[in-house]
Amino acid sequence: MSAITARKSFVHQTDELDSTSTSATNSIAASPKETPRQSPSTSSLSSLGSNSEVEMKAVNGKLLDTFGNEFHLPDFTIKQIRDAIPAHCFQRSGAKGLGYVARDLASLAATFYLFHTYVTPENISSTPVRAVLWTVYTFVQGLFGTGLWVLAHECGHQSFSPSKTLNDTVGWFCHSALLVPYFSWKISHGKHHKATGHLERDMVFVPKTRDQYASKLGYYAHEITELMEETPIVTAGTMIGQQLVGWILYITANVTGHNYHERQIEGRGKGKHNGFGGGVNHFDPSSPLYEAKDSKLILLSDLGLGITFAALFLIGSKFGWANLAVWYLIPYLWVNHWLVAITFLQHTDPTLPHYEPQTWNFARGAAATIDREFGFIGRHLFHGIIETHVLHHFVSTIPFYNADEATEAIKPIMGEHYRSNIEGGPIGFLKSMWQSARMCQWIEPCEGAEGENKGVLFYRNRNGLGVPPQKMSPPAELRVEKSDS
């Protein structure tokens, strides 16, 4: 199929992140059959496989993504990626960054002024018409609010400007206004960047293994293939819940993050676990997501939230809670929706691998992401966070306005390993949410995989879509119990 065009992005930590992995190797699966597929680049080292590599692949077994496309571990390095990017792409401008912040704030203020001034009973007598217009208001403000969220995200990666002080000041103000604990998020988000695709260290949208998925339903792993298809209404209900409260559950209970907190280096994770009351969240300085040195920053994040909550309380008390809900709360939920949707689709796709610790490295994890397309909204209101995500995971300090050019620069190095699904633009983006929800239920090793390949896991499902899950025998203890009976 035709070669893929450029784009995309989202996420986190910066110079230290990028410099720690200079010699690591990378990994990316082929694009879905339903979307354009890029030809392997002749400049990619992946095309230069030796006989010994072919023999090793034969011994280790074939890797298949959920669509059935064969996946190969890439062999380019982080240094090759960085060296391919023009030097000017790394340049950051505080003035330009502040200009974008001013633009987004002005958009939010102007939208509020126009609706508050003109969408009134005096100007529009019909209550249903006013309700429709104010519904439009909440959607539009959600778009502008998401843009501001993304600029604070740039601050967290130090890609906003060369000044750390300016970055963190702007990031704290913008995120606090959106009820995001800036420094708490920044720290955990940086850890996500350092361990993307690592099943025991990644911090967001860590998929369930086959055992975990089966256990949640009350079955053994070998019984998965006997289960009926998940009904579409259940899938839809899960998606709606994720989009409504996914972000809130993440920051309050670490839902979708890893659950290996006992390994926290300072012993903070003893007896703690994900879920409400488990002691893992983004507000408590003693949370195992952080180290002792982070305590003051966590408290500063909490202070920002406290100031915003106080301001909202005063507004609600003076102007009415219904007004506050329309002016702020519903747009806030729209922001959360877009944030969750963007992150979900950056890290959940039938082509994406995940790695056991023994197989993971920084480059492989950084490549286990995908670029998508959301048209004008994505490129201009969301500052390209959807369209340049792959590049962002390799070098997160490149500002968003240089990310398209940098993405084009790394494509020849990545060759077939660059992933992108741009078919259908914004509609395709929304369709991908449904496709991923139906096809990406759990991850498991590929059938026949051995050695290093056994540590590469792909999505499978019980809906009869794509490569079927492996047939498994009951565990030994169950066979013994059955024979005894």
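These legends describe close-up views of a predicted model.

**View 1. Helices H11 and H16 pack against each other.** H11 spans residues 321–347, and H16 spans residues 425–439. Their axes lie 10 Å apart, at an angle of about 65 degrees. The crossing of H11 past H16 is left-handed. H11 contributes Ala-341, Ile-342, Phe-344 and Leu-345 to the contact. From H16 come Phe-429, Ser-432, Met-433, Ser-436 and Ala-437.

**View 2. A salt-bridge network joins Lys-164, Asp-168 and Lys-186.** Lys-186 pairs with Asp-168, with the closest N and O atoms 3.0 Å apart. Lys-186 sits in helix H7 (residues 182–194) and Asp-168 in helix H6, so the pair ties together parts that are 18 residues apart in sequence. Lys-186 is buried, at 12% relative accessible area. Asp-168 is buried too, at 8%.

**View 3. Arg-372 forms a salt bridge with Asp-349.** The closest N and O atoms are 2.8 Å apart. Arg-372 belongs to strand E4 (residues 371–372), while Asp-349 is in the loop between H11 and strand E3 (354–355), so this bridge ties together parts that are 23 residues apart in sequence. Both partners are buried.

**View 4. Sequence neighbours Arg-103 and Asp-104 meet through their side chains in a salt bridge.** The N to O distance is 3.2 Å. Arg-103 is partly exposed, with 33% relative accessible area. Asp-104 is buried, at 2%. Across the whole structure, a search finds 15 salt bridges.

**View 5. Gln-158 and Asn-254 have positive phi values.** Most residues other than glycine have a negative phi. Gln-158 has a phi of about 65 degrees. Its place is the loop between helix H5 (127–156) and helix H6 (164–177). Gln-158 counts as buried because its relative accessibility of 9% falls under 20%. For Asn-254, phi is near 60 degrees. Asn-254 lies in the loop between helix H9 (232–253) and H10. Asn-254 is buried, at 1% relative accessible area.

**View 6. Leu-297, Leu-300, Leu-303 and Ile-307 make a nonpolar surface patch.** The patch covers about 320 Å². Ile-307 is in helix H10 (residues 295–319). At 47% relative accessibility, Ile-307 is partly exposed.

**View 7. Thr-231 and Arg-438 are 9.6 Å apart in space, C-alpha to C-alpha.** In sequence, 207 residues separate them. Thr-231 is in the loop between helix H8 (210–217) and H9. Thr-231 is partly exposed, at 39% relative accessibility.

Definitions and conventions: Residues numbered from 1 in each chain as written. Predicted model: local features only at pLDDT ≥ 70, side-chain atom pairs only at ≥ 80, totals over all residues. Heavy atoms only, no water. Patch = residues over 30% accessible without salt bridge, like charges linked within 9 Å, V, L, I, M, F, W, Y side chains within 5 Å. Areas by Shrake-Rupley, 256 points an atom, 1.4 Å probe, with all protein chains shown as cover. Salt bridge = Lys/Arg side-chain N within 4 Å of Asp/Glu carboxyl O. Helix = DSSP H or I, 4+ residues; strand = E, 2+ residues; numbered from the N terminus. Buried < 20%, exposed > 50% of the residue type's maximum accessible area, 1.4 Å probe, protein only. Axes fitted to C-alpha atoms, helices over the stretch in contact; angles between N-to-C directions. Left-handed = near helix turned anticlockwise from the far one by under 90°. Contact = heavy atoms within 4.5 Å.
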